[in-house]
Amino acid sequence: MGVMKRVTMVFRAKANKALDRMEDPRETLDYSYQTQLELLQKVRRGVADVATSRKRVELQLNQLQQNSDKLDRQARDSLAAGREDLAREALTRKAGVQTQLEELQGQYASLQSEEEKLTQASSRLQSKVDAFRTRKETIKATYTAAEAQTRINEAFTGISEEMGDVGMAIQRAEDKTAQMQARAGAIDELMASGALDDMVSGPHDDIQAELDRMGAGHGVDGELARMKAELAQNAPRQIEGTQHGTSDGAAAQPASTAQAPDPAQAGEPE
Amino acid sequence: MIVRILGEGQLELPDSAAEELNRLDAALESAVERSDEAAFGTALAALLAKVRQVGSPTNADDLRPSELIIPRPEASMDEVHKLLTDEGLIPG
């Protein structure tokens with residue numbers, strides 16, 4: 001016997017076991033319908049859970065992408081400032097983030113496809129449950145117990161097959177969701193511990209600190225150079241007209257006003 | 001003849017397809033028995049391709065049970081083993 005037939009028999013056996021428990025099929029139709037509605041609820045909850053999990057992974061993907069972009073930017077800034085060592089460090093960290101990102105992206109895609117299938121299965125089951133409700137009313141109103149038996153058997157087998165299928169789909173999606181949540185949790189922990197996230201943001205972002213330090217240093221150097229140039233320009237003119245003592249004082253005046261709007265910059269290297 | 005692809009729903013196939021399906025199914029079964037993962041993948045893909053080629057989806061509110069049930073396309077051999085042996089895999 002082939003695989004298809006054997007699988008079908010396993011499904012049938014399940015339905016038959018449930019049918020055997022029913023004494024008067026017509027009386028148990030309503031009970032069966034209730035059970036179907038409950039399963040439908042469970043399926044809907046399953047779909048919602050998977051969607052929630054997917055959104056969470058989506059947020060993490062975005063965050064990892066931002067980290068990767070930032071490290072890339074820092075590598076460029078470092079190179080531009082002639083610090084190849086810093087650029088190398090930033091790129092090494094970027095590679096680590098990128099690995100996490102790719103693994104998570106693969107899982108994200110498969111979760112998305114599970115979610116789509118589950119959504120479709122859920123609407124198929126909804127249609128069948130609706131059809132079963134109509135059918136059971138017809139069967140109850142129209143047929144004698146003996147006739148009803150055959151018709152109920154068919155409808156019941158058909159719907160229990162659908163329920164079995166959707167039940168397996170939920171189980172699969174829930175397993176996958178649990179796996180992803182575990183992984184997402186692990187990445188959260190990594191970020192919290194500073195292994196991933198603290199490289200690029202937060203108080204311990206050493207690459208950024210070094211870049212800032214260099215940036216601030218350049219600002220001070222630049223300002224010093226500008227002041228020196230100003231002094232050099234002013235000095236000859238003032239030597240001509242005034243005494244040395246006053247000329248020094250007048251020359252210092254504009255330089256200190258130029259510096260005044262930006263005291264924080266000069267203080268930062270400390 | 002109605003065939004279900006697990007996870008995807010039911011399709012209605014002409015009865016004339018039965019012989020070809022049985023042949024493809026026999027290949028699938030022998031792969032499962034030999035635990036030949038590669039042959040299993042090929043056989044399952046061939047069976048699904050045939051069913052999709054000659055079948056058309058039934059209405060969603062069709063309550064007729066399937067005559068044949070095929071594992072889902074992504075199914076592993078291990079999963080099919082469980083399908084065949086463990087009733088516990090099918091809830092409800």
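This is a predicted model: local features need pLDDT of at least 70, side-chain atom pairs count only at pLDDT 80 or more; totals for chains, interfaces and linings use all residues.

Modeller: Here is a tour of that sheet, strand by strand, and then of its surroundings.

Residues are numbered from 1 along each chain as its sequence is written, chains are lettered from A and ligands numbered from 1 in the order in which they are written, and side-chain values use heavy atoms, with hydrogens and water left out.

Let's start with the whole chain. Chain B holds three helices and four strands, in the order β-β-α-α-β-β-α from the N terminus on. Helices (H or I, at least four residues) and strands (E, at least two) are DSSP runs, numbered from the N terminus. Of the 92 residues in chain B, 48% are buried. Buried means under 20% relative accessible area, exposed over 50%, and partly exposed in between, with a 1.4 Å probe and protein chains only.

Now to the sheet. It is open, has four strands in the order β3-β2-β1-β4 (chain B), and its pairing is mixed. Two strands pair if DSSP finds at least two bridges between them. The edges are β3 (56-57) and β4 (68-70) of chain B, each of which pairs on one side only.

With strand β2 (residues 9-12) of chain B, β1(B) pairs in the antiparallel sense over four bridges; with β4(B), β1(B) pairs in the parallel sense over three bridges. You can see both pairings at B:R4, whose bridge partner is B:Q10 in β2(B) and B:I69 in β4(B). B:I5, in turn, has B:I70 as its bridge partner in β4(B). B:I2 and B:R4 point one way from β1(B), B:V3 and B:I5 point the other way, and all are buried. The hairpin of β1(B) and β2(B) has three residues between the strands, and there B:G7 takes a positive phi near 85°.

B:P14 counts as partly exposed because its relative accessibility is 38%. Leaving aside neighbours within four places in sequence, B:P14 is in contact (heavy atoms within 4.5 Å) with B:M1 and B:V54. B:V54 is 40 residues away along the chain, yet the C-alpha atoms of B:P14 and B:V54 are separated by 7.5 Å.

One last stop is the largest cavity, with a volume of about 50 Å³. A cavity is a set of points on a 1 Å grid over the protein atoms alone where a 1.4 Å probe fits but cannot get out, and lining residues have an atom within 4 Å of a point. Grid points are joined across faces, edges and corners, and a volume is the space filled by probe spheres set on the points. Its lining includes B:L6, B:P71 and B:L83 from chain B, and A:D165 and A:R172 from chain A.

Note on methods
On a 1 Å grid over the protein atoms alone, a cavity is a set of points where a 1.4 Å probe fits but cannot get out, and a pocket is an open set with protein on both sides within 12 Å along at least five of seven lines; lining residues have an atom within 4 Å of a point.
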